[in-house]
There are 2 protein chains.
Amino acid sequence: MDNFSEKSRARLDTLTRLIQSSLDGYMNEQTEKADKQKKVAEAMAYSLSAGGKRIRPLLVLEFCRVCGGDVNSAVSAACALEMIHTFSLIHDDLPCMDNDDYRRGKPSCHKAYGESEALLAGDALLNLAYGIISRDERISPETAIKLIANLTEAVGVFGMIGGQVIDTDYDGDMDEKLLLEMYSMKTGALLKTACQMGCIAAGAEEAKLEYAAVYAEKLGLAFQIIDDILDITGDEKLLGKPVGSDKECGKVTYASLKGVEAAREAARRLTDEAMDALSHFEDTEFLKELTMFLLKREY
Amino acid sequence: MDNFSEKSRARLDTLTRLIQSSLDGYMNEQTEKADKQKKVAEAMAYSLSAGGKRIRPLLVLEFCRVCGGDVNSAVSAACALEMIHTFSLIHDDLPCMDNDDYRRGKPSCHKAYGESEALLAGDALLNLAYGIISRDERISPETAIKLIANLTEAVGVFGMIGGQVIDTDYDGDMDEKLLLEMYSMKTGALLKTACQMGCIAAGAEEAKLEYAAVYAEKLGLAFQIIDDILDITGDEKLLGKPVGSDKECGKVTYASLKGVEAAREAARRLTDEAMDALSHFEDTEFLKELTMFLLKREY
């Protein structure tokens with residue numbers, strides 16, 4: 001995160017600590033109270049603590065702030081989203097899906113705890129996500145219901161789960177339209193709800209939610225296309241997984257479909273559009289630096 | 001349902017039709033709007049329409065009515081609960097869990113649609129359950145949030161999912177205390193939230209929720225213990241599955257642990273206590289007949 005100003009770096013630290021301590025708090029409630037079901041509570045905590053950059057919860061908190069809200073009113077939504085992201089990784093890694101033994105260098109949940117435990121841990125994380133928002137006394141019922149409605153849309157058949165279905169059913173047989181639709185559902189939907197839930201928690205007007213959706217869509221597409229380019233041209237450190245793995249799996253990507261140069265052009269355009277969408281919010285220095293950090297990988 | 005009065009039979013028909021048409025409506029919304037993800041929407045509808053007696057949604061609607069509420073304000077909660085019950089059946093049948101090829105005489109979801117599709121259909125049903133409550137304009141945000149909070153508790157690590165974990169981890173190695181705890185979590189928790197969500201939808205006072213919990217707990221335990229007895233002494237028609245299957249699987253049940261006579265005694269006592277708990281509600285003729293229908297199997 002070399003491009004961050006000192007102020008943004010401090011902000012990143014503060015937000016990341018808030019997310020981590022809140023997630024720990026929710027998990028401790030489960031593991032401490034659990035008795036004979038401790039194993040599934042531990043499996044949930046194991047995968048939730050496996051890390052990652054916590055991009056989605058960061059976006060929830062930061063969009064709340066740039067809409068003039070108190071970040072504390074967005075904490076349960078931020079943690080709920082990270083739980084749902086983690087649930088999706090646990091289920092995606094299962095043998096009947098991608099059958100991945102490792103996730104971020106650690107054994108995947110079903111490798112560490114067994115398949116049935118991993119299945120149930122994923123189910124329980126999805127369920128708990130809605131539980132923590134519904135029990136959050138820092139937000140009004142009106143706000144909580146809007147958050148849950150937004151989040152369920154993003155997760156369901158017309159969001160993340162639908163994108164996963166397309167990825168599973170059409171692997172290797174996609175045109176540009178379907179590929180972009182799949183990107184937008186599979187990864188874009190959670191980014192969109194991240195930004196929009198931040199706005200909702202701040203009580204922002206409807207127009208802000210629209211701008212947040214535009215930002216999230218451009219960010220998600222740009223990130224995915226840069227990933228595709230790096231899979232062809234990049235080094236493994238930037239990519240975080242072996243170069244060439246998409247091609248090996250016979251996976252259609254934007255860069256393989258349109259060529260690397262067209263993909264670079266698209267990534268640059270989308271990055272500009274994402275940055276433009278931020279102009280509708282106040283005090284966005286940190287968000288802009290975060291965006292450039294996510295998108296300025298050498299491609 | 002021979003024990004039903006004419007009035008109760010009419011009531012059962014009305015409620016069952018309301019549940020079925022509402023579930024169909026929710027599913028049609030998904031399948032009609034779905035395009036490339038149609039298969040998962042169809043898998044959801046397939047399992048949700050596989051039937052069963054709709055006991056849980058019936059209890060939601062009827063507890064709403066006996067608390068003086070309008071059943072229409074309990075419809076989304078009733079359907080949400082049936083979606084969650086169905087999600088749990090889909091995931092329980094998966095090869096990594098009970099590995100059941102059939103469910104109510106039809107191929108189980110993963111046999112009909114494949115494992116990955118069944119996994120995602122279960123996930124999507126759990127998610128949609130919270131979606132339909134959060135988007136129900138017939139109820140206030142306050143009521144919707146209370147419903148979701150109650151339902152998430154019943155489903156999570158300290159409810160149905162926790163019971164499933166105990167069943168998986170301690171199979172064949174349970175004492176009476178753990179067995180009753182497992183019964184109470186695995187099947188009791190959804191019955192409790194059924195009755196309590198009905199009360200919540202009606203805006204009932206806290207005391208009613210307590211009586212509803214007592215009723216549900218007794219009903220669930222009695223039903224489970226009668227099931228155990230029938231597995232030893234009964235005929236398959238009453239049981240709905242092959243007699244002796246628990247013993248074959250090396251499963252500890254209340255009847256195998258305490259003996260058939262003690263189990264009969266417990267079932268009779270619990271049935272009386274369930275009926276007593278209903279005395280705190282008005283106009284319970286139908287609920288009482290439904291209870292006796294569920295518990296008066298020859299045991």
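Modeller: Start with how the angle is defined. Axes are lines fitted to C-alpha atoms, for helices over the stretch in contact, and angles run from 0 to 180 degrees between N-to-C directions. Keep in mind that this is a predicted model.

Now take chain B. Helix α3 covers residues 55-66 of chain B, and helix α15 covers residues 285-295 of chain B. Their axes lie 10 Å apart. The packing angle is about 155 degrees. Angles over 145 degrees count as roughly antiparallel. Therefore α3(B) and α15(B) are roughly antiparallel to each other. Their crossing is left-handed.

Which residues make the contact of α3(B) and α15(B)? From α3(B) come B:Ile55, B:Leu58, B:Glu62 and B:Val66. From α15(B) come B:Phe286, B:Leu287, B:Leu290 and B:Leu294. Sort the residues of this contact by class, and you find 7 nonpolar, no polar and 1 charged.

Chain A has a pair to set beside this one. Helix α1 (residues 6-33) of chain A and helix α2 (residues 38-48) of chain A cross at roughly 165 degrees, and their axes come within 9 Å. That makes α1(A) roughly antiparallel to α2(A). The crossing of α1(A) and α2(A) is left-handed. In this contact, α1(A) uses A:Leu23, A:Met27, A:Gln30 and A:Thr31. The residues from α2(A) include A:Lys38, A:Ala41 and A:Glu42. By class, the contact of α1(A) with α2(A) has 6 nonpolar, 2 polar and 2 charged residues.

Note on methods
Residues are numbered from 1 along each chain as its sequence is written. Chains are lettered from A and ligands numbered from 1 in the order in which they are written. This is a predicted model: local features need pLDDT of at least 70, side-chain atom pairs count only at pLDDT 80 or more; totals for chains, interfaces and linings use all residues. Helices (H or I, at least four residues) and strands (E, at least two) are DSSP runs, numbered from the N terminus. Angles under 35 degrees count as roughly parallel, over 145 as roughly antiparallel, 65 to 115 as roughly perpendicular and the rest as oblique. A crossing is left-handed if the near helix is turned anticlockwise from the far one by less than a right angle, and right-handed if clockwise. Two residues are in contact if their C-beta atoms, placed from the backbone, lie within 7 Å. Ala, Val, Leu, Ile, Met, Phe, Trp, Tyr, Cys and Pro count as nonpolar, Asp, Glu, Lys and Arg as charged, and the others, Gly among them, as polar.
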